[in-house]
Each structure stands twice: as structure tokens, then as C-alpha cells.
Amino acid sequence: YGETVKLSYCDQHLEGNSHRVVRLWRYLRAVYSAMKGHNVLVFGGGTLWHTNPNMHSLVVVFLVMLCARLRGLKIVATGLGVGVCRGFLAQTLLRIMVSLCEEICVRDQTSLENLPEASHCRLTADLLYSSSIASELEGKASPSDQNRSIAISVAPQHGGEHVDALVENLA
């Protein structure tokens, strides 16, 4: 299936033969350590809050958010998609996750309707299709425009280039 993908520092803890609880604990410790010295956790750009087919991803995102709050970080979700969260536990987790965020910007009306009502939740646009980014991609924005945008997809590896190299080149 192609070349082996080199996992990021945190993601390396998810693979291996250890029990999944042990791997999750190691992952969360690595995430917590990686948050040292930062003040905001910004995430989004996908349907990250959902229970389809199960609650695993919802629980992992919740635990990462909890690590951020324990580290004293503010949490902002942007371009977020929210799917249906079925069941009492999922709804409870969703309400807690909403309360942990300083601001939540969802990408569509359905996502907004799937969130518990809160004053800091609002409808914006999908990150890729927001007006300034879309116009820049279409070549409509001139370099002198004041509303410049940059979109970065952070993944363990993309196109053979490691994320650390990308971040260093952007700095």
C-alpha cells in the first residue's frame, strides 16, 4: 500500500502491541507534554464531534481537550463539523466539550443544530471555502489585500515532507 508513514511524536504512542488503554495513556501524556509553553489549542476543519460508528473519537477529542485545560490552554474550534451524538453519555460529553471552548465556529447549519445551545457557538464557513481563502485560491485576491489568509493542514506526514519541516519553513 505504498511507503510507511512516519508518525508524529504523539501518534507514535498509538501504535504497538500494548493494551489500547496503555497506548491511549501514553498518547495523552505525549499530548500533554507537547502543550507545554502554549496558550491556545485551535482545532477543527472536519467533522470531529460525532458518534458514528462509536464514541471512540469523541472520547479521544474530549481527553485531548481536557489535557489542554489542565495545562491552562484556551480552546478554540474553527471550521468544525458536528455530527449526531446519540446517547446520554455522548450528549453529556458534547455539553462538557462545548463548555470547555472559548469559541466554537461551525462550518454548516446542521453542525450548529447538532450542538447544545451556547452563546459562543456560531456559524461561519468551512475553512477551505471561507471567502478570503477561496478568493486567494482562485487568484482573485491581490497580494496587497489586507485580509490575507493561510491554511495549513497538520498531519503526521504529507507529500513526503514532515510537518516539523513545514512549520520551520513558515516561521
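Contact here means heavy atoms within 4.5 Å.

**View 1. The protein chain as a whole.** This is a predicted model, in which local features need pLDDT of at least 70 and side-chain atom pairs count only at pLDDT 80 or more, while totals for chains, interfaces and linings use all residues. Residues are numbered from 1 along each chain as its sequence is written, and side-chain values use heavy atoms, with hydrogens and water left out. Among contacts between residues at least 6 apart in sequence, 59% join residues at least 24 apart. The protein chain holds 6 helices and 7 strands, where helices (H or I, at least four residues) and strands (E, at least two) are DSSP runs numbered from the N terminus.

**View 2. The largest nonpolar core.** A nonpolar core is a set of buried Ala, Val, Leu, Ile, Met, Phe, Trp, Tyr and Cys residues joined through side-chain atoms within 4.5 Å; buried means under 20% relative accessible area, exposed over 50%, and partly exposed in between (1.4 Å probe, protein chains only). The largest such core has 31 residues, and Phe43, Trp49, Met65, Ile104 and Leu115 have the most contacts inside it. Its largest share, 7 residues, comes from H2. Leaving aside neighbours within four places in sequence, Met65 touches Phe43, Trp49, Ile75, Met97, Leu100 and Cys101.

View 3. E1 and E3 run parallel and are joined by 5 bridges (two strands pair if DSSP finds at least two bridges between them), and the bridge partner of Leu41 in E3 is Ile75.

**View 4. A salt bridge between Arg69 and Glu102.** A salt bridge is a side-chain nitrogen of Lys or Arg within 4 Å of a carboxyl oxygen of Asp or Glu, and the structure holds 3 of them. In one, the side chains of Arg69 and Glu102 meet at 3.6 Å, N to O. Arg69 lies in helix H2 and Glu102 in the loop between H3 and E4, so the pair ties together parts that are 33 residues apart in sequence. Arg69 is partly exposed, with a relative accessible area of 30%, and Glu102 is also partly exposed, with 39%.
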